[in-house]
Amino acid sequence: MTDHSHDHHNRHAPPSFGPENGDTALLLDLDAEVFHEHLTELTAWLAEIAGGVRRILDVGSGTGTGSFALLRRFADAEIIALDMEPHLLTHLRDKARDLGWEDRVRTVAADLDKAWPAVGEVDLVWASASLHHLADPAHALRQAFTALRPGGLLAAVERDGPPRLLPDDLGIGRPGLENRCRAELDRRHAATMPHRGADWAPHLTAAGFTVEAYRKFEIELRPPLPEAAGRYAQLSLRRLRNGLTTLEAPLDPDDLSVLDRLIDSDGPHNVLHRHDLTLRSQRDVWLARKPASAPAADQSTGR
Ligand SMILES: C[S@@+](CC[C@H](N)C(=O)[O-])C[C@H]1O[C@@H](n2cnc3c(N)ncnc32)[C@H](O)[C@@H]1O
């Protein structure tokens with residue numbers, strides 16, 4: 001099921017998710033693979049709190065990392081995946097077809113900063129690593145509130161940026177490289193994504209939700225790591241390098257040179273050959289309820 005009719009242009013979103021970045025889908029899929037156990041734990045916790053879940057709205061779905069984890073967890077559920085990038089939704093639909101789940105998945109291309117398309121009442125809204133991208137997250141939370149049935153739940157998941165991967169001493173110079181790069185990325189994102197790293201509890205309360213639970217997941221994946229972790233590390237570092245070098249202020253040339261050696265597929269220092277990678281990621285999750293006494297969603301279509 002597809003609906004590309006909604007306007008999906010967004011001037012505020014970073015260009016990194018656009019079709020010109022063909023590796024976005026791969027990076028999101030590798031993230032799903034590498035952090036699979038974490039997602040299983042997270043959805044198990046969510047299921048304890050959510051109550052009956054038959055219809056789910058995944059906002060900023062990307063390639064469906066959350067969508068597929070939720071379809072596995074809630075065996076009777078169907079999902080509406082909403083994202084502004086049609087190429088990511090195409091990828092998501094292809095995966096749904098491969099899994100034999102095309103009847104359980106509908107994709108809608110839409111800009112969450114604008115009026116949301118009518119999708120019918122849902123039991124669960126899932127927003128993973130998407131809220132901080134929005135120019136107007138307060139608007140999005142109000143729309144999510146409207147889409148939910150009374151008593152329905154919203155799960156907001158946010159990450160502390162790209163995962164940390166490298167040891168401090170790389171053995172090829174420039175100790176502390178990753179910390180410096182992350183600090184620089186944080187500095188630059190502070191201007192373009194002011195909601196990155198926000199405490200979402202007050203925003204959820206302001207939209208009418210009751211925050212029922214909050215949990216911080218500190219993930220640390222130590223060696224030996226699966227083969228996918230090396231590819232994830234390489235792609236993640238390439239994105240970090242490109243993100244830091246295409247903007248006005250160039251990266252320190254010595255740091256850049258070491259980063260290039262780490263991602264050079266033909267070189268001896270490529271991160272794929274390292275056995276000392278440890279993947280660290282922090283994920284914060286807020287579970288917020290639309291009060292049972294709230295009026296039902298004013299959406300007559302899509303059900
Ligand atoms: C970091 S990715 C997260 C994808 C997925 N939720 C996950 O956890 O893997 C952020 C997603 O939000 C989408 N996005 C960003 N701004 C958006 C907007 N204004 N409207 C719709 N989608 C948006 C991007 O296209 C991208 O797919």
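Guide: A polar contact is a pair of N or O atoms within 3.5 Å where, within protein, one atom must be able to donate a hydrogen and the other to accept it, and residues adjacent in sequence count only if both atoms are side-chain atoms. The model is predicted, so local features need pLDDT of at least 70 and side-chain atom pairs count only at pLDDT 80 or more, while totals for chains, interfaces and linings use all residues. Residues are numbered from 1 along each chain as its sequence is written, and side-chain values use heavy atoms, with hydrogens and water left out.

The side chains of His133 and His132 make such a polar contact, at 3.3 Å. His133 itself lies in the loop between β5 (122-128) and α5 (137-147), where helices (H or I, at least four residues) and strands (E, at least two) are DSSP runs numbered from the N terminus. His133 has a relative accessible area of 16% and is therefore buried (under 20% relative accessible area, with exposed meaning over 50% and partly exposed in between, for a 1.4 Å probe and protein chains only).

Among contacts (heavy atoms within 4.5 Å) in the protein chain with a separation of 6 or more, 82% come from residues 24 or more positions apart.
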